Amino acid sequence: MTHSLTKPKPLIAGNWKMNGLSASRHELDAIIAGGPTAAGDRADLLICPPATLLAGFAAIARGSVLAIGGQDCHPKESGAHTGDISAEMLKDAGATAVIVGHSERRADHGETNELVRAKAEAALRAGLTAVVCVGETRAEREANLTLHVVASQVKESLPAGASPGTVVIAYEPVWAIGTGLTPTVDDVAEVHAEIRGLLIGAFGTGGLGVRVLYGGSVKPGNAAELLAVPNVDGALIGGASLLARDFLAIAAATPES
Ligand SMILES: O=C[C@H](O)COP(=O)(O)O
């Protein structure tokens, strides 16, 4: 995946979560076939399938416009951690990126900012791009804690040793995930501006080149509006990424930079 030192090239990323069987390959094939027309040079494309499909998908996607990523990794390189997968294993299977700190993992598996940061550092150690997820709950938004919560998550989850091209932040309001609800464009702009400020604090002007994705009920019908918000450098898409038609329609909505 490429980016400039100033405004980054948008990234349209799909998180398939716990969805997809080997028969889902036809959606992957359709994304690979339609990606160049849909995204052109305007966006990079990434699909993060379940671990069972990752190596096969990576082999199919090799040499295409589509990159393949993992949905989680363990902080350690190897060892006695039954059921876990290391960043090095993802890399070996053909991944180029990994999502860490998704709110579903924070909620379902009690993942803290400290653990998310360790996972992001493992991603960098293995040579993967770390897609670090942050976002407030509905209760936090209603208590006007959104910027405070997101700032804490960014500061505490950012991996040490990151450079602007090796980390991506995904802002995903928890209440917007899978609900059909989205924040207003003004609300998205406010949070993304806050994140951009933190990234400039961490990386200097290099912080302008870190991709900050919006995620949460992104669909073909709202993608153009969300992707046009200042400091939104792409999207992390759940449900709509399962259908090639919808994923490609979102990619096609990426504005010219
Ligand atoms: O990782 C993706 C997000 O959780 C968004 O999911 P969604 O597009 O189904 O709301």
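**Helix α8**

I started with helix α8, residues 185-203, in this predicted model. At 1.5 Å a residue, its 19 residues should span 27 Å. I found the end C-alpha atoms 26 Å apart, which agrees.

Next I asked which residues of α8 are buried. They are V188, V191, H192, I195, L198 and L199. These residues cover an arc of only 115 degrees around the axis, so they sit on the same side of α8. The spacing made me recall a general rule. An α-helix has 3.6 residues a turn, so residues three or four places apart point the same way.

I then turned to the other face of α8. Turned away from the buried side, it carries the exposed residues D186 and G201.

What do the buried residues of α8 pack against? I listed α7 (146-157), β6 (167-171), β7 and α9. Just after α8 I noted G204, which takes a positive phi of about 65 degrees.

W16 lies in the loop between β1 (11-15) and α1 (25-39). Is W16 buried or exposed? I counted it as buried, because 21 other C-beta atoms lie within 10 Å and the cut-off is 20 or more. Leaving out residues up to four places away in sequence, W16 touches I47, C48, P49, P50, S241 and L242.

S217 lies in the loop between β7 (211-215) and α9 (223-227). Both of those elements also pack against the buried residues of α8. S217 is buried too, because 21 other C-beta atoms lie within 10 Å. With residues up to four places away in sequence left out, its contacts are A176, T179, G180, L181 and T182.

**The whole chain**

Last, I stepped back to the protein chain. I noted 10 helices and eight strands. The C-alpha trace spans about 45 × 45 × 35 Å along its principal axes.

What radius of gyration would a compact globule of 257 residues have? It would be near 18 Å; the protein chain has 17 Å, which agrees. Buried residues make up 48% of the 257 residues.

I also checked contacts between residues at least 6 apart in sequence. Of these, 73% join residues at least 24 apart.

Key
Residues are numbered from 1 along each chain as its sequence is written. This is a predicted model: local features need pLDDT of at least 70, side-chain atom pairs count only at pLDDT 80 or more; totals for chains, interfaces and linings use all residues. Helices (H or I, at least four residues) and strands (E, at least two) are DSSP runs, numbered from the N terminus. A residue is buried if 20 or more other C-beta atoms lie within 10 Å of its own, exposed if 12 or fewer, and partly exposed in between; C-beta atoms are placed from the backbone. Two residues are in contact if their C-beta atoms, placed from the backbone, lie within 7 Å. The radius of gyration is taken over C-alpha atoms; the globule rule is 2.2 Å times the number of residues to the power 0.38. The expected span of a helix is 1.5 Å times one less than its number of residues. The arc is that of the directions from the helix axis to the C-beta atoms.
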